[in-house]
Amino acid sequence: TNKMGFDFFYGYNCQRQAHTYFPPFLYRNENREYLDNQILPPGTKLDENVDPRNKNSYEKYYQKEYAPDLMFEEITSFVDTNKESPFFLMWTTPVPHVPLQAPEKWVNYYVNKFGDEEPYIGDKGYFPCRYPRATYAAMISHWDEQIGQLIAQLKELGLYENTLIIFTSDNGPTFNGGTDSPWFDSARPFKSEQGWGKASIREGGIRVPMIASWPVKIKSNTTSSHISAFWDVLPTFCEITDIQTPQTTDGISFLPTLLGQKQKAHDYLYWEYPEGKGSIAVRMGKWKGFIDNIKEGNTRIELYDLE
């Protein structure tokens, strides 16, 4: 990330290490910083002859230094250090990506709320988990709590009113590692099952939450039906910061939408997903065309009226 224009980076720089929230190290810029955690290879199963319903059987999956908390400490420090001048902060948390690991306080909260449940023994990848639904919810609530703490910090520093905060996701709900997206109805009103959420370009996979807060510019409690995509973020930020937008982007700034002004719309949006059996999709106005199983020779178009 330092070589991609960022002045400071802290977090994972290794996909394998990112498959645990208690990694043996994280990176500060290009330097590895070791943590007080033991190496536990991804996919490590429960010990033999342990009771999967016994909470103590899962102790090895919870160690001393929880990566999301370490990252959040750097976030609050960064804001405090840069409070006197404009700054750009990109918080790409891995939460709530599996494996299912969360602070005990929030896990207990949801165990009390949901009741007992079947343990996840690791048969769909990642680490086993005694209370998979409760832990998944716990990860999200812990993150939500930290977002609240960041906003409180911005308010205390007098920065909140004129800070643009955008909250969004890179894909729809997942299907592996012990998660149960259909139980949570995570992609509502669309399906959350495998093949319909993450790793698909059906609506449950690509239509994601997007919230923008900028009190001095954005009227509160407003919504927009403007169709945008991630490639619109670059020109939006360029326009906000008065920087020339590169000519090589397909993106269209959605700043007018944020300001409640007339907005230029895309003629169409296009996606392709080469993994699995291959699929493509096109969105034009209210219509969406979708072709699946391309690698098997399928050319049949499914057409949907998304209204």
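**Strands, helices and their packing**

Q: Which residue of S7 is the bridge partner of Trp271?
A: This is a predicted model, where local features need pLDDT of at least 70, side-chain atom pairs count only at pLDDT 80 or more, and totals for chains, interfaces and linings use all residues. Residues are numbered from 1 along each chain as its sequence is written, and side-chain values use heavy atoms, with hydrogens and water left out. Strands (DSSP E runs of at least two residues) and helices (H or I runs of at least four) are numbered from the N terminus. In S7, Trp271 is bridged to Ala281.

Q: In which sense do S6 and S7 run, and by how many bridges are they joined?
A: Two strands pair if DSSP finds at least two bridges between them. S6 covers residues 269-273. S6 and S7 run antiparallel, and the bridges joining them number five.

Q: Which residue in the turn between S7 and S8 has a positive phi?
A: S7 pairs with S8 (residues 287-291) in the antiparallel sense over five bridges. Ile280 has Ile291 as its bridge partner in S8. Two residues separate the strands of this hairpin, and the one with a positive phi of about 60° is Gly285.

Q: Within what arc do the buried residues of H2 fall?
A: In H2 (residues 104-114), Trp106, Val107, Tyr110 and Val111 are buried. They line one face of the helix, because seen down the axis (directions from axis to C-beta atoms) they fall within an arc of 140°.

Q: Which exposed residues does H2 carry on the face turned away from its buried side?
A: The cover over the buried residues of H2 includes H3. The face turned away carries the exposed Lys105, Asn112 and Lys113.

Q: At what angle do H1 and H3 pack?
A: Two packed helices are described by the angle and the distance between their axes. Here the axes of H1 (residues 67-81) and H3 (residues 132-156) lie 11 Å apart. The contact (heavy atoms within 4.5 Å) includes Phe72 of H1 and Leu150 of H3. The helices pack at an angle of about 10°.

Methods. Axes are lines fitted to C-alpha atoms, for helices over the stretch in contact, and angles run from 0 to 180 degrees between N-to-C directions. Buried means under 20% relative accessible area, exposed over 50%, partly exposed in between (1.4 Å probe, protein chains only).
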